[in-house]
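Student: Can we go through this chain together? I'd like to begin with the overall layout and then look at a few residues.

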Amino acid sequence: MTSEPKTALSAPRPQIGPFAQLIFGSRWLQVPLYVGLIVAQAVYVLLFLKELWHLVADSFEASEQQIMLIVLGLIDVVMISNLLVMVIVGGYETFVSRLNLSGHPDEPEWLSHVNASVLKIKLAMAIIGISSISLLRTFIEAGNLGTTRSNFTETGVMWQVLIHLTFIISAIGIAWVDRLSHNGHRKEAGHG
């Protein structure tokens, strides 16, 4: 009598205690948070359509600078929406449950190797991109500084630049710590 080899599908699940089940099951409490982010993304779609309507409706009366500012606003909305997708899909996949998208034609390339570390770096880079667009909008309007048409003060512009630089330094720090962590794991694996 030959026994069939056990596969991952036929292998028995390890038994865990009720407290461990409760702790592990608590990850499902994050689902309403991800649903809330999906609702927030729907709001951003409405905001995008509103701004797009303003662009089209005001295109003949608006100056080139005003059109550029509206377009940068549209790009900003898209980048924030991309950030939401990364958090929703990557966060759910990493912290709640697998989405089992392997082989799906629309599976995001980055999802196959996402983990908390990769997600942090991607989020940091997305935040820098969003900050860059906001800062570019500020720089375009900077010609009006000191006038009543200005939406910013010199101090406000300075703070935006400092905050942007803080985002960049933070992202570099996150990437550096991640690299140190990976190098440490490689050394442990080589000695083990």
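This is a predicted model: local features need pLDDT of at least 70, side-chain atom pairs count only at pLDDT 80 or more; totals for chains, interfaces and linings use all residues.

Student: Fine. How many helices and strands does the chain have?

Tutor: Five helices and zero strands. Read from the N terminus, the order of elements is α-α-α-α-α.

Student: And what percentage of the residues count as buried?

Tutor: 23% of the 192 residues. As for contacts with a separation of 6 or more, 69% of them join residues 24 or more positions apart.

Student: Let's take helix 2. What span does it reach, and what would be expected?

Tutor: Helix 2 covers residues 31-57, 27 residues in total. From its first C-alpha to its last it reaches 39 Å, close to the 39 Å expected at 1.5 Å a residue.

Student: Which of its residues are buried?

Tutor: The buried residues of helix 2 are Tyr34, Gln41 and Leu55. Helix 3 is among what covers them.

Student: At what angle do helix 2 and helix 3 pack?

Tutor: About 165°, and their axes are 10 Å apart. Helix 2 is therefore roughly antiparallel to helix 3, since angles over 145 degrees count that way.

Student: Left-handed or right-handed crossing?

Tutor: The crossing of helix 2 and helix 3 is left-handed.

Student: Switching to the core. Which residues make up the largest nonpolar one?

Tutor: It has nine: Ile80, Leu83, Met86, Trp110, Leu111, Val114, Leu119, Ala126 and Ile130. Helix 3 (64-96) and helix 4 (116-141) each supply at least two residues of this core.

Student: What does Val114 touch, sequence neighbours aside?

Tutor: Beyond four places in sequence, Val114 is in contact with Gly90, Glu93, Thr94 and Leu119. Leu119 also belongs to the nonpolar core along with Val114.

Student: Next, Thr138. Where is it, and is it buried or exposed?

Tutor: Thr138 is in helix 4. It counts as buried because its relative accessibility is 1%, and the cut-off for buried is under 20%.

Student: What is it in contact with?

Tutor: Leaving out neighbours within four places in sequence, Thr138 is in contact with Phe152, Val157 and Gln160.

Student: And Gly156, which helix is that in?

Tutor: Gly156 is in helix 5, residues 154-191. At 26% relative accessibility, Gly156 counts as partly exposed.

Student: What separates the C-alpha atoms of Gly156 and Thr138?

Tutor: 9.4 Å, with the two residues 18 apart along the chain.

Notes: Residues are numbered from 1 along each chain as its sequence is written. Side-chain values use heavy atoms; hydrogens and water are left out. A nonpolar core is a set of buried Ala, Val, Leu, Ile, Met, Phe, Trp, Tyr and Cys residues joined through side-chain atoms within 4.5 Å. Buried means under 20% relative accessible area, exposed over 50%, partly exposed in between (1.4 Å probe, protein chains only). Helices (H or I, at least four residues) and strands (E, at least two) are DSSP runs, numbered from the N terminus. Contact means heavy atoms within 4.5 Å. The expected span of a helix is 1.5 Å times one less than its number of residues. Axes are lines fitted to C-alpha atoms, for helices over the stretch in contact, and angles run from 0 to 180 degrees between N-to-C directions. Angles under 35 degrees count as roughly parallel, over 145 as roughly antiparallel, 65 to 115 as roughly perpendicular and the rest as oblique. A crossing is left-handed if the near helix is turned anticlockwise from the far one by less than a right angle, and right-handed if clockwise.
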